[in-house]
Structures are given as C-alpha cells and as structure tokens.
Amino acid sequence: MSSSKVDVHELIAWELDEYPYRNAAMRLRREEFAKQVKRAQRRLAEREHHASCPALLAEESRSIHHLLAECTQRPDLQAEYEGLDWTLGVVDLSRLLAFQRRLVFSTSRHTSPTPQEDDWSQLISFTIGFQRSAEHHFVRNASTRGDLDISLHSSNPDLQVRLSPNTGKDGHLPLFLYGGSPFFEVAEFRGRWFLRDGYHRAYRLLQAGLHRVPAVVIYARTVAELGASEPWFFSEEQLFSNRPPRVMDFLDENLVLRYERTALRKVIRIRVEESLETFGETDQVQGEEI
C-alpha cells in the first residue's frame with residue numbers, strides 16, 4: 001500500500017485549476033508561490049510558438065517492424081483499442097504535448113532499471129509489455145442487515161471492476177479486477193501529438209536521455225478518444241494555444257511546482273443485497289442481460 005505522503009510535480013505556467021491540495025500546501029508561502037508562477041509564465045512567454053511536427057518516426061518504426069508486428073497480434077492489445085484507429089510505432093517523446101497537469105510520485109518509490117537506447121526488445125517490454133498492478137487490500141464492512149458488504153482498497157488510482165469477456169461461459173465469474181491500461185500511448189488529434197498514457201514512464205525515459213520509444217499510436221477523432229476530457233486536465237483551449245504544455249516541461253524546474261500532499265487510495269465498495277421479488281411471464285428484464 002502507499003505511504004502517507006506523495007510528491008507532486010505540477011506544471012504552473014498555464015492557467016491553474018482548482019486543486020485543494022496545492023492550495024493547502026501553498027497557504028504558508030503564498031508570496032513565494034506567486035513569484036514562482038510569474039517566473040514560469042515569463043519562461044513560457046520566451047518560447048517560440050508551437051510548430052506541429054509528427055511524433056511518429058517512420059524510419060525507426062520500419063526498422064523494428066518485425067518486432068512490432070508480433071505485438072500487434074496480441075489479444076490484450078486488440079481488446080484494449082477495439083473501435084479505435086491505432087497502430088504501433090516508434091515516437092519521439094520530445095515532440096509530445098501533455099494534457100496532464102500533475103505527476104504524483106511515491107516518496108519511497110522503487111523502480112526497475114530504465115532500458116538502454118536502441119535496445120528495442122527491452123524498450124518494447126517497458127512500454128508495451130508493462131503490466132499494471134491490481135493489488136488491493138480486502139476489507140469486510142459491517143452490515144446491520146447481514147448483507148455482504150466489502151471494500152477493495154488500492155494505491156492504484158486506475159483500479160476498476162470490469163465484466164469478464166467470458167461472463168456466462170463455463171461457470172466463469174462475471175467480474176474481474178483491471179489495473180488500467182498497461183500500454184504507453186500516444187495520440188494524434190487535430191494535427192497535434194499528445195502523450196495519452198504513460199506519463200511516469202515518459203518522465204523516467206526523458207531523465208535518462210531517451211527520446212525514441214515504441215508506443216501505441218492512436219489517431220483520435222474526438223477529445224474523448226484523445227483521453228483529455230477529465231476536468232483536472234488542461235483545457236482544449238490551452239492544448240491548442242500557441243505555447244501548449246509539453247511532456248518535456250516536467251523536467252524544466254522553471255515550469256514545475258513541487259510539493260507534498262497526503263497519499264490517496266482508490267476504494268471500490270461492493271454491496272450484495274438479497275431479496276425475493278415476483279416475476280411473471282410478461283415481466284420485462286431491464287438492462288442488458290449478460
């Protein structure tokens with residue numbers, strides 16, 4: 001499980017959102033915070049206007065096509081991106097925009113070694129073979145009625161309960177735990193290239209001086225497909241401004257505010273209630289049968 005505190009790295013040169021943890025952390029040093037924001041905004045104003053440049057690297061993608069082609073056939077990849085226009089390729093991290101405002105790190109994080117440049121097998125394992133943890137702590141809650149009432153507590157904020165694709169077959173249970181997409185994702189939308197998922201891995205790779213990495217490349221048709229629709233992300237107006245936030249900006253100390261906040265956990269509560277109800281031949285089952 002997570003420790004009691006986490007480190008937050010937040011991009012502050014763009015319009016800030018309402019984030020109570022930042023406000024609480026900055027309350028005792030407001031003047032210093034205001035100076036840091038102004039310094040970040042001056043730094044941003046010195047930057048040239050954004051010039052769209054494809055992040056997908058054709059030559060490098062062709063050179064490892066045989067490795068990527070094998071991955072394309074994986075059922076988990078095909079299931080994850082069903083209905084989307086996607087491919088696999090090598091991308092340049094330095095050309096990607098960021099719609100995520102904050103990175104959150106455990107204060108006691110332990111990470112595996114970062115792959116070496118041009119070690120494509122290890123880079124593919126790092127970006128496409130990566131697995132998200134579904135580790136959780138099981139808690140049985142008190143129930144005055146005697147019904148089954150349980151909670152799953154996890155340090156993974158993306159943990160979900162999903163319906164199994166094998167529901168109703170051979171006695172399979174209908175639910176399973178999903179730890180979130182394990183794949184490093186890049187998306188092109190309206191001529192601009194964004195990091196869709198994998199921000200912490202991108203940070204590690206850039207720190208190590210690695211720019212060229214394999215990724216799932218999605219050609220998004222809507223903001224929802226891009227994945228930037230949550231209210232705590234940068235707005236569409238900011239993402240398509242003359243000087244949008246970049247993934248590389250998380251490494252620029254002049255653009256980033258660092259502070260601690262209390263660690264959060266994901267809690268999924270499941271309550272099973274039993275009852276007997278009449279069911280006649282003409283009754284209709286509401287919802288989708290599984």
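Reply: Two strands are taken as paired if DSSP finds at least two bridges between them, and the elements themselves are DSSP runs numbered from the N terminus, at least four residues of H or I for a helix and at least two of E for a strand. The model is a predicted one, in which local features need pLDDT of at least 70 and side-chain atom pairs count only at pLDDT 80 or more, whereas totals for chains, interfaces and linings use all residues. Residues are numbered from 1 along each chain as its sequence is written, and side-chain values rest on heavy atoms, with hydrogens and water left out.

The protein chain contains 9 helices and 14 strands. Of its 290 residues, 40% are buried, that is, under 20% relative accessible area with a 1.4 Å probe and protein chains only, as against over 50% for exposed and partly exposed in between. Among its contacts (heavy atoms within 4.5 Å) with a separation of 6 or more, 78% are between residues 24 or more positions apart.

I begin with the sheet of 3 strands, which is open, has the order E6-E7-E14 and is paired in the antiparallel sense. Strand E6 (137-140) and strand E14 (266-272) have a single partner strand each and stand at the edges, so one side of each lacks a neighbour in the sheet. From one strand to the next the twist averages 20 degrees, where axes are lines fitted to C-alpha atoms (for helices, over the stretch in contact) and angles run from 0 to 180 degrees between N-to-C directions. E6 is joined to strand E7 (residues 148-154) by 4 bridges; here phenylalanine 138 stands opposite leucine 152 in E7, and valine 139 stands opposite serine 151 in E7. On the pairing with E14, E7 has 7 bridges, again antiparallel, and serine 154 stands opposite lysine 266 in E14. E7 is mostly covered, with 6 of its 7 residues buried.

The other sheet to consider is also open, but it is made of 6 strands in the order E2-E3-E12-E10-E11-E4, with mixed pairing. Its edges are strand E2 (56-57) and strand E4 (97-98), each of which has a single partner strand, so that one side of each is left without a neighbour in the sheet. Within it, 5 bridges pair strand E10 (residues 185-189) with strand E11 (residues 192-197) in the antiparallel sense, and the bridge partner of glutamate 188 is tryptophan 193 in E11.

Two helices pack on this sheet. H6 touches strand E3 (86-92) and strand E12 (212-219), and the direction of H6 makes about 45 degrees with that of E12. H7 touches E4, E11 and E12, and the direction of H7 makes about 110 degrees with that of E11. The helices also pack against each other: H6 (residues 120-127) and H7 (residues 199-207) are set at an angle of about 150 degrees, and their axes are 11 Å apart. This makes H6 roughly antiparallel to H7, since angles under 35 degrees count as roughly parallel, over 145 as roughly antiparallel, 65 to 115 as roughly perpendicular and the rest as oblique. Leu123, Phe126 and Thr127 of H6 make the contact with Arg201, Arg204 and Leu205 of H7.

Isoleucine 218 and threonine 87 are separated by 131 residues in sequence, yet their C-alpha atoms are 6.6 Å apart in space. Once neighbours within four places in sequence are set aside, the residues in contact with isoleucine 218 include Tyr81, Leu84, Asp85 and Trp86, and also Glu185, Val186, Ala187, Glu188 and Arg196.

Glutamate 60, by comparison, is placed in helix H3 (residues 58-63). With a relative accessible area of 19%, glutamate 60 is buried, and, leaving aside neighbours within four places in sequence, this glutamate 60 is in contact with Val90 and Arg212.
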